[in-house]
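User: I've got this protein open on my screen and would like to go through it piece by piece. Can you take my questions as they come?

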Amino acid sequence: MLETVKYLIGSVGASGYGSKSTAEQVTESCPDLRSITAIITGATSGIGAETARVLAKRGAKLVLPARSLKAAEDAKARIVSEFPDSEIVVMALDLSSLASVRNFVSEFESLQLPLNLLINNAGKFAHDHAISEDGVEMTFATNYLGHFLLTKLLLNKMIQTAADSGVQGRIVNVSSAIHGWFSGDTIRYLGEISRSTSQYDETRAYALSKLANVLHTKELARRLKEMETNVTVNCVHPGIVRTRLTREREGFATDLVFLLASKLLKTIPQAAATTCYVATHPRLTSVSGKYFADCNETSPSKLGSSLVEAGRLWSASEVMVSKDSSAIFADQLKEQK
């Protein structure tokens, strides 16, 4: 109850910021970002668009990948109209396609740009069951697996950039408190919903993908520390906000829920604050493997805190991005017999 009251009144935490802080406010004390190159997925609307706008205001060079190049060009035009000196590159990327992820990384590397900051922000809530071209349930493929491969392929670039520049690289995974709604066997459920529609529940599938973002953060942080790199990774819950993600399901029931929850909703500038804080604030130098909400460190779910589960998901993800995903699901079936 106390935490809810603090949220509603915007009480600040140890960071000096809280639920009412905006992305512009939390970046006011950040260093000049003109030497920073950032990739932001899902930056054509909502939280991602505000994140891109604020980082551009602070001087960062942006790479905006998107399925729709027109939407990305429109996002770029909006930023440039406000900040004419902004440097923004628009590129094609469909996160649900592993081939598209590989093509994007290849094209990005051909630009010979440094990479200081990777914000894995793009998200999808699939109301209808669908399977990606790689044989993986669509929500999981878009929200997690595409980002897993993207991060994996860009990691050497980030490590090298940090070594050359002396500026610590940062990876930010945008998750959700909804990750705590998932319980059960992650790989088994993914296999079930990637093979048929019978076990598919859209909310549980979304919660699974967001849990995967949290677990990815935990295991990647462990590996980065083991490798002694100058790159960190953290995970954020942006808060409840009505963006295109939720507007895709308009209707009386949805409108009623948002009316009742209106006092809990954040504005988009408020929802982008935690991402921008974790991406830029000097206070978080060398902080890695943590979970943030309202610009303050907090704890993920019990399952999201499991090093064993994080390692297990990582191993399964490596298989899924390296060969036919059906192989991992077939292995899971054998384990059940």
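User: How many helices and strands does the protein have?
Analyst: Helices (H or I, at least four residues) and strands (E, at least two) are DSSP runs here, numbered from the N terminus. This is a predicted model, where local features need pLDDT of at least 70, side-chain atom pairs count only at pLDDT 80 or more, and totals for chains, interfaces and linings use all residues. Residues are numbered from 1 along each chain as its sequence is written, and side-chain values use heavy atoms, with hydrogens and water left out. The secondary structure comes to 14 helices and eight strands.

User: What share of the 337 residues counts as buried?
Analyst: Buried means under 20% relative accessible area, exposed over 50%, and partly exposed in between (1.4 Å probe, protein chains only). By that cut-off, the buried share of the 337 residues is 52%.

User: And among contacts between residues at least 6 apart in sequence, what share joins residues at least 24 apart?
Analyst: A contact means heavy atoms within 4.5 Å. Taking the contacts between residues at least 6 apart in sequence, the share that joins residues at least 24 apart is 77%.

User: Which residues are closest to the centre of the second largest pocket?
Analyst: On a 1 Å grid over the protein atoms alone, a pocket is an open set of points where a 1.4 Å probe fits, with protein on both sides within 12 Å along at least five of seven lines; a cavity is a set the probe cannot get out of, and lining residues have an atom within 4 Å of a point. The volume of this pocket is about 260 Å³, counted as the space filled by probe spheres set on the points, which are joined across faces, edges and corners. Of the 16 lining residues, the closest to the centre are Ile36, Val167, Gln168, Arg170 and Thr280.

User: What kind of ring pair do Tyr17 and Tyr277 make?
Analyst: Rings of Phe, Tyr and Trp (its six-membered ring) pair if their centres lie within 6.5 Å; planes under 30 degrees apart count as stacked, over 60 as edge-to-face and the rest as tilted. By this rule there are seven aromatic pairs. The centres of Tyr17 and Tyr277 are 5.7 Å apart and the planes are at 65 degrees, so this pair is edge-to-face.

User: Where in the chain do those two tyrosines sit, Tyr17 and Tyr277?
Analyst: Both Tyr17 and Tyr277 are buried. They are 260 residues apart, so to speak at distant parts of the chain. Tyr17 is in the loop between helix H1 (2-9) and helix H2 (23-26), and Tyr277 is in helix H12.

User: What about Tyr144 and Phe148, and which cluster are they in?
Analyst: Their ring centres are 5.8 Å apart with planes at 45 degrees, so the pair is tilted. Tyr144 and Phe148 are separated by about one helical turn, because they are four residues apart in helix H6 (residues 138-165). Tyr144 is buried at 1% relative accessibility, and Phe148 is buried at 1% as well. Ring pairs link up a cluster of Phe140, Tyr144, Phe148 and Trp314.

User: Which residues does Glu50 contact, leaving aside neighbours within four places in sequence?
Analyst: Glu50 is in helix H3 (residues 46-57). Its relative accessibility is 10%, so Glu50 counts as buried. Its contacts beyond those neighbours are Ala23, Ile268, Pro269 and Ala272.

User: What is the phi of Cys295?
Analyst: Most residues other than glycine have a negative phi. Cys295 lies in the loop between S7 and S8 and is buried, with a relative accessible area of 1%. Its phi is positive, near 65 degrees.
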